[in-house]
Amino acid sequence: MASNIYLVRQRISRLGQRMSSFQLNLNPLKEPLGFIKVLEWIASIFAFATCGGFKGKTEIQLTCHKGNENKTITAAFAYPFRLNEASFDAIPDANVCDINWKNYVLIGDYSSSAQFYVTFAVFVFLYCLAALLLYVGYTNLYRDSRKLPMIDFVVTLVATFLWLVSTAAWAKALTDIKIATGPGIVKELQPCNHQVTCYFGSVTSMGSLNVSVIFGFLNMILWGGNAWFVYKETSLHSPSNTSASHSQGGIPPPSGI
């Protein structure tokens with residue numbers, strides 16, 4: 001009994017020493033586990049930056065029935081894509097063809113899908129930073145622990161699934177945004193059917209938003225592929241050797257990061 005207590009205290013003491021001693025080791029970055037984590041970190045930056053930093057506008061050209069004047073109205077929209085709050089505006093006069101265009105807005109609210117995608121990408125960015133710090137600063141602690149690799153493995157599986165869900169939802173929302181800000185908006189504006197003649201002018205290119213969807217699926221592939229390398233660090237990959245080393249009171253042999 002006393003010897004068991006002594007062994008437990010020794011393990012706790014060694015664990016505390018490892019946690020308090022930061023030792024920079026860049027070798028894990030040369031292995032698939034660490035290298036792919038760097039790629040995931042970079043890809044998450046592109047994912048939330050290309051979506052969260054977008055700003056665009058839709059222009060519609062008008063021909064007034066009275067005076068036969070040609071005017072242009074513009075509706076500006078941006079992340080998080082609450083299009084139902086993006087009202088039309090005409091510079092310098094808001095009343096074009098005797099119509100107050102500020103009373104008319106684009107159609108749709110796609111903030112839930114966009115914010116879910118960006119928020120999750122930011123969380124992934126932070127998790128990758130924490131994981132890389134653990135890999136390169138506390139390599140022995142990660143290798144010797146049974147819980148940390150298992151937690152990392154579970155998070156990797158969950159992240160892979162959430163990348164699929166969030167990217168699919170955002171891709172569907174992006175398709176609807178393109179429709180809501182495209183030529184079809186002319187038919188939805190009531191004055192265009194009676195009081196004025198409307199022509200669709202232009203809409204800001206959404207190439208960066210297309211890139212955000214691509215990076216979303218790329219992140220899913222990276223995290224799905226990385227699951228195997230994280231799995232190899234867990235006790236599930238070689239439970240017999242790991243349990244044997246722990247039963248002997250020793251440190252399990254590192255499987256390699």
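In which sense do strand β1 (residues 55–64) and strand β2 (residues 70–78) pair, and over how many bridges? The legends below answer this and describe further views of the predicted model.

**View 1. Pairing of strands β1 and β2 in the predicted model.** Strand β1 covers residues 55–64 and strand β2 covers residues 70–78. The two strands are antiparallel and are joined over nine bridges. Within this pair, Thr58 has Ala75 of β2 as its bridge partner.

**View 2. Pairing of strands β1 and β6.** Strand β6 (residues 196–203) also runs antiparallel to β1, with seven bridges between them.

**View 3. Helix α2 (residues 32–52) and its cover.** The helix has 21 residues, and at 1.5 Å a residue these should span 30 Å. The C-alpha atoms at its ends are 30 Å apart, in agreement with that value. Buried residues of α2 include Leu33, Gly34, Ile36 and Lys37 in one part of the list, and Glu40, Ala43, Ser44, Ala47, Thr50 and Cys51 are buried as well. Among the elements covering them are α3 (111–137), α4 (139–144), α5 (147–180) and α8 (207–231).

**View 4. The whole protein chain.** The chain holds nine helices and six strands. Of its 257 residues, 38% are buried. Among contacts between residues at least 6 apart in sequence, 74% join residues at least 24 apart. The accessible surface is about 13,800 Å², and carbon and sulfur atoms account for 62% of this surface.

Definitions and conventions
Residues numbered from 1 in each chain as written. Predicted model: local features only at pLDDT ≥ 70, side-chain atom pairs only at ≥ 80, totals over all residues. Heavy atoms only, no water. Helix = DSSP H or I, 4+ residues; strand = E, 2+ residues; numbered from the N terminus. Expected span 1.5 Å × (residues − 1). Buried < 20%, exposed > 50% of the residue type's maximum accessible area, 1.4 Å probe, protein only. Contact = heavy atoms within 4.5 Å. Areas by Shrake-Rupley, 256 points an atom, 1.4 Å probe, with all protein chains shown as cover. Pairing = 2+ DSSP bridges.
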